[in-house]
Amino acid sequence: MGDAAASLVGPQIYEEFVWPYEKRLVDGLRAMGTRVRLHICGNTRAILAGMGRLGCEIVDLDYRRP
């Protein structure tokens with residue numbers, strides 16, 4: 001699954017408004033018997049802890065340092 005905008009919000013907004021829905025999606029996919037790969041572009045340093053709690057088998061990050 002991909003999330004094109006998660007890296008654009010701060011950690012508080014991510015935890016309150018993004019994480020619960022991503023977790024629901026991950027849990028639903030895993031309940032169907034599939035593994036989950038999460039792809040988020042951008043600087044994800046502020047939300048890495050939350051991303052780690054999602055339970056994805058693969059986390060794919062893409063960030064070019066300026």
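Which residues does Trp 19 touch, not counting residues up to four places away in sequence? In the predicted model described here, Trp 19 touches Tyr 14, Gly 50, Arg 53 and Leu 54, where contact means heavy atoms within 4.5 Å. The model is predicted, and local features therefore need pLDDT of at least 70, side-chain atom pairs count only at pLDDT 80 or more, and totals for chains, interfaces and linings use all residues. Residues are numbered from 1 along each chain as its sequence is written, and side-chain values use heavy atoms, with hydrogens and water left out.

The chain contains two helices and two strands, arranged along the sequence in the pattern α-β-α-β. These elements are DSSP runs numbered from the N terminus, with helices being H or I of at least four residues and strands being E of at least two. For 66 residues, a compact globule would have a radius of gyration near 11 Å, and the 12 Å of the chain agrees with this; the radius is taken over C-alpha atoms, and the globule rule is 2.2 Å times the number of residues to the power 0.38. The C-alpha trace spans about 40 × 25 × 15 Å along its principal axes. Of the contacts between residues at least 6 apart in sequence, 49% join residues at least 24 apart.

Buried residues account for 27% of the 66 residues; buried means under 20% relative accessible area, exposed over 50%, and partly exposed in between, with a 1.4 Å probe and protein chains only. The mean positions of the 9 positive and 8 negative charges lie 5 Å apart. Lys and Arg count as positive and Asp and Glu as negative, while His and the chain ends are not counted; the place of a charge is NZ of Lys, CZ of Arg, CG of Asp or CD of Glu.

The largest nonpolar core consists of twelve residues: Ala 6, Tyr 14, Val 18, Trp 19, Val 26, Val 36, Leu 38, Ile 40, Ile 47, Met 51, Leu 54 and Cys 56. Two or more residues of this core come from each of α1 (11-31) and β1 (37-41), and α1 gives the most, with four residues. Such a core is a set of buried Ala, Val, Leu, Ile, Met, Phe, Trp, Tyr and Cys residues joined through side-chain atoms within 4.5 Å.

Beyond its neighbours within four places in sequence, Leu 54 is in contact with Tyr 14, Trp 19, Glu 22, Lys 23, Val 26 and Leu 38. The C-alpha atoms of Leu 54 and Asp 27 are separated by 8.3 Å, although these residues are 27 apart along the chain. Cys 56 is found in the loop between α2 (48-52) and β2 (58-62) and is likewise buried, with a relative accessible area of 15%. Leaving aside neighbours within four places in sequence, Cys 56 is in contact with Val 26, Val 36 and Leu 38.

Helix α1 also carries Lys 23, which is partly exposed with a relative accessible area of 21%. Apart from its neighbours within four places in sequence, Lys 23 is in contact with Arg 53 and Leu 54. The C-alpha atoms of Lys 23 and Arg 53, 30 residues apart in sequence, are 8.4 Å apart in space, and those of Lys 23 and Cys 56, 33 residues apart along the chain, are separated by 9.3 Å. Arg 30 is found in helix α1 and counts as partly exposed at 41% relative accessibility. Not counting residues up to four places away in sequence, Arg 30 touches Val 36, Gly 55 and Glu 57.
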